[in-house]
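This report goes through selected features of one structure. The sequence and coordinates come first, and the text follows.

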Amino acid sequence: MSFRRGVVRQSKFRHVFAQAWKAEHCLDDVRVTRVTWEGPLCAANPKFIAVIIEAGGGGAFLVLPLSKSGRVDQTTPSVCGHAAPVLDIQWCPHDDNVIASASEDCSVKVWRIPDGGLSSPMTEAAVTLEGHSKRVGILAWHPTALNILLSAGCDNILCIWDVGTGELVYQLDDAHPDLIYSVSWNREGSAICTVCKDKALRVIDPRRGTVLKVREKAHEGSRPMRAVFLSDGKILTTGFSRMSERQLALWDTRDLSEPMAVQEMDTSNGVLIPFYDPDTNMVYLCGKGDCTIRYFEVTEEPPYVHFLSLYSSKEPQRGAGFLSKRGVDVNKCEIARFYKLHERKVEPISMTVPRKSDLFQGDLYPDTAGLEPSLLAEDWIAGQDAPPVLVSLSGGYTAPPSKHRDTLRSRPKLPSQGSAATSPRAGETNTATANAATRDVESEGVSVATVTQEADGEGDRAKREEEQLSEVLAEIKALRSLVIAQGQRIELLERQLARIEDGDV
């Protein structure tokens with residue numbers, strides 16, 4: 001009798017193991033919120049960790065330096081500007097000091113956290129965005145365009161904001177007939193995928209406001225679903241079967257008629273929240289009330305979704321924060337880190353690949369998305385798309401200086417879409433104004449260049465002036481692009497209005 005040895009799938013992530021940090025490195029006495037919203041309730045980046053907490057008479061969240069450990073005093077200042085409980089928080093991917101929060105008070109607020117954390121309670125937001133009529137529970141920053149933020153509310157409406165101007169640039173109010181469960185951008189930020197209480201998975205072009213693809217009953221069960229775009233354009237969803245078994249499914253956006261893969265796990269009732277790492281193509285599943293974190297690898301070969309392992313503990317999690325790849329410890333081969341929320345504690349959990357060498361493991365750390373945006377908000381609004389700007393993690397990550405670093409700088413207020421629509425010539429007038437301003441600044445640039453050539457001994461000052469002038473020129477160019485885009489939108493709306501009045505629609 002002969003035995004044939006089974007072929008073992010080769011993967012450097014087969015032996016990833018999870019390990020909780022020691023008690024002295026945890027955060028204690030954190031009054032984690034008791035809100036029933038199915039969300040992570042926590043967000044982390046290389047500088048800070050933010051946790052939604054209990055607050056009497058309003059909504060609040062803690063922001064602490066990532067290096068903080070031990071007991072958190074009850075007098076520790078928090079961000080407490082919302083009038084009702086906070087439901088979601090998300091750090092800006094292009095500025096580690098900027099965080100957005102969504103609340104039951106129907107508003108979205110954007111905050112600038114000082115380096116080192118808060119020294120006093122923060123009640124005044126840098127930007128307040130108001131456009132929802134019911135509570136707002138989902139936030140998603142654009143992955144590559146500066147200052148573009150998406151929000152989804154219980155009014156079944158998606159809003160897309162330019163945080164730099166405070167403007168509502170797109171609103172999708174007829175794409176979803178019921179409560180929106182989750183929203184995810186694709187890698188370039190050209191499309192979003194959503195799941196809704198009607199059990200449908202949708203792929204949407206947010207700028208045109210059109211639903212590109214729909215899959216009815218992505219999961220048969222009635223419990224909430226989640227969906228996340230993968231870097232290759234596929235979509236991974238979590239949900240429940242008709243028999244209330246928790247499921248994981250992989251979809252090809254070119255054909256949503258059947259899933260590429262489906263895995264059933266257990267019959268727990270906690271909603272599985274997927275956290276996706278595009279660098280390793282791994283997906284981590286955390287369920288509220290679970291004591292486990294499952295992790296999978298997604299590949300191009302069948303069966304496409306490969307179960308790796310699970311982390312198990314005695315205490316159930318209230319939520320979890322997923323640290324961006326720029327914050328992991330590359331010297332310890334840490335490929336991911338979670339911040340698990342207990343009732344009154346925050347516990348870091350590291351995912352590590354065992355390696356004997358102390359050298360930088362380049363195969364574990366491909367270049368990852370950095371802070372630098374690929375596009376300005378105006379570029380994206382005008383129809384441009386671009387992949388993320390990647391950085392190397394060799395030697396650990398340090399943020400480079402950037403001309404875009406002041407993401408919440410004030411900009412000239414443009415007319416909103418509603419007011420612009422009442423003035424048919426608004427787009428042309430604004431375009432002409434922008435053109436004139438550009439010519440004025442460009443002529444000023446010639447004179448400044450001449451002075452620079454003639455000035456001896458003042459090279460540094462002249463260089464600073466040139467840099468400032470370049471920023472002004474770039475700002476005006478971006479502003480002009482936005483004005484043109486708004487003018488084009490006005491023309492489109494006018495044509496639609498004319499068709500309605502003529503009875504063509």
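Is phenylalanine 338 buried or exposed? Phenylalanine 338 is buried, with a relative accessible area of 0%. Buried stands for under 20% relative accessible area, exposed for over 50% and partly exposed for values in between, with a 1.4 Å probe and protein chains only.

**Basis and overall figures**

This is a predicted model, in which local features need pLDDT of at least 70 and side-chain atom pairs count only at pLDDT 80 or more, while totals for chains, interfaces and linings use all residues. Residues are numbered from 1 along each chain as its sequence is written, and side-chain values use heavy atoms, with hydrogens and water left out.

The protein chain has 4 helices and 32 strands. Both are DSSP runs numbered from the N terminus: helices are H or I with at least four residues, strands are E with at least two. Of the 505 residues in the protein chain, 51% are buried. A contact is defined by heavy atoms within 4.5 Å; among contacts in the protein chain between residues at least 6 apart in sequence, 54% join residues at least 24 apart. The protein chain exposes about 23600 Å², of which carbon and sulfur atoms supply 49%. These areas come from the Shrake-Rupley method with a 1.4 Å probe, and for residues only the protein chains shown count as cover.

**Aromatic pairs**

Rings of Phe, Tyr and Trp (its six-membered ring) pair if their centres lie within 6.5 Å; planes under 30 degrees apart count as stacked, over 60 as edge-to-face and the rest as tilted.

| Pair | Centre to centre | Angle between planes | Class |
|---|---|---|---|
| Phenylalanine 61 and tryptophan 111 | 6.4 Å | 80° | edge-to-face |
| Phenylalanine 322 and phenylalanine 338 | 5.0 Å | 45° | tilted |

Phenylalanine 322 in strand 28 (residues 319-322) and phenylalanine 338 in strand 29 (residues 334-341) are 16 residues apart, and their pair links distant parts of the chain. Phenylalanine 61 and tryptophan 111 are both buried. One aromatic cluster consists of Phe275, Tyr284, Tyr295, Phe322 and Phe338.

All 6 of the 6 residues of strand 25 (residues 282-287) are buried, so strand 25 is largely enclosed by the rest of the structure. Met282, Tyr284 and Cys286 are buried on one side of the strand, and Val283, Leu285 and Gly287 on the other. In a regular strand the side chains alternate between the two faces of the sheet.

Strands pair if DSSP finds at least two bridges between them. Strand 25 pairs with strand 24 (residues 272-277) in the antiparallel sense over 6 bridges, and phenylalanine 275 stands opposite tyrosine 284. The hairpin of strand 24 and strand 25 has 4 residues between the strands, and asparagine 281 in the turn has a positive phi of about 60°. Strand 25 also runs antiparallel to strand 26 (residues 292-298), joined by 5 bridges, with valine 283 opposite phenylalanine 296. In the hairpin of strand 25 and strand 26, with 4 residues between the strands, glycine 289 takes a positive phi near 90°.

In the order 20-21-22-23, 4 strands form an open sheet with antiparallel pairing. Strand 20 (226-229) and strand 23 (261-264) are the edge strands, each pairing on one side only. Strand 20 and strand 21 (residues 235-240) are joined by 4 bridges, and alanine 227 has threonine 237 in strand 21 as its bridge partner.

**Histidine 82**

Histidine 82 lies in strand 7 (residues 79-82) and counts as buried at 5% relative accessibility. A polar contact is a pair of N or O atoms within 3.5 Å; within protein, one must be able to donate a hydrogen and the other to accept it, and residues adjacent in sequence count only if both atoms are side-chain atoms. The side chain of histidine 82 makes such contacts with the side chain of serine 101 at 2.7 Å and with that of aspartate 105 at 3.0 Å.

**Backbone details**

Omega is about 5° at the cis peptide bond between proline 302 and proline 303. Proline 303 sits in the loop between strand 26 and strand 27 (305-312). Lysine 217, not a glycine, has a positive phi of about 50° and is partly exposed at 44% relative accessibility. Serine 244 has a positive phi near 65°, lies in the loop between strand 21 and strand 22 (246-251), and is partly exposed at 42%.
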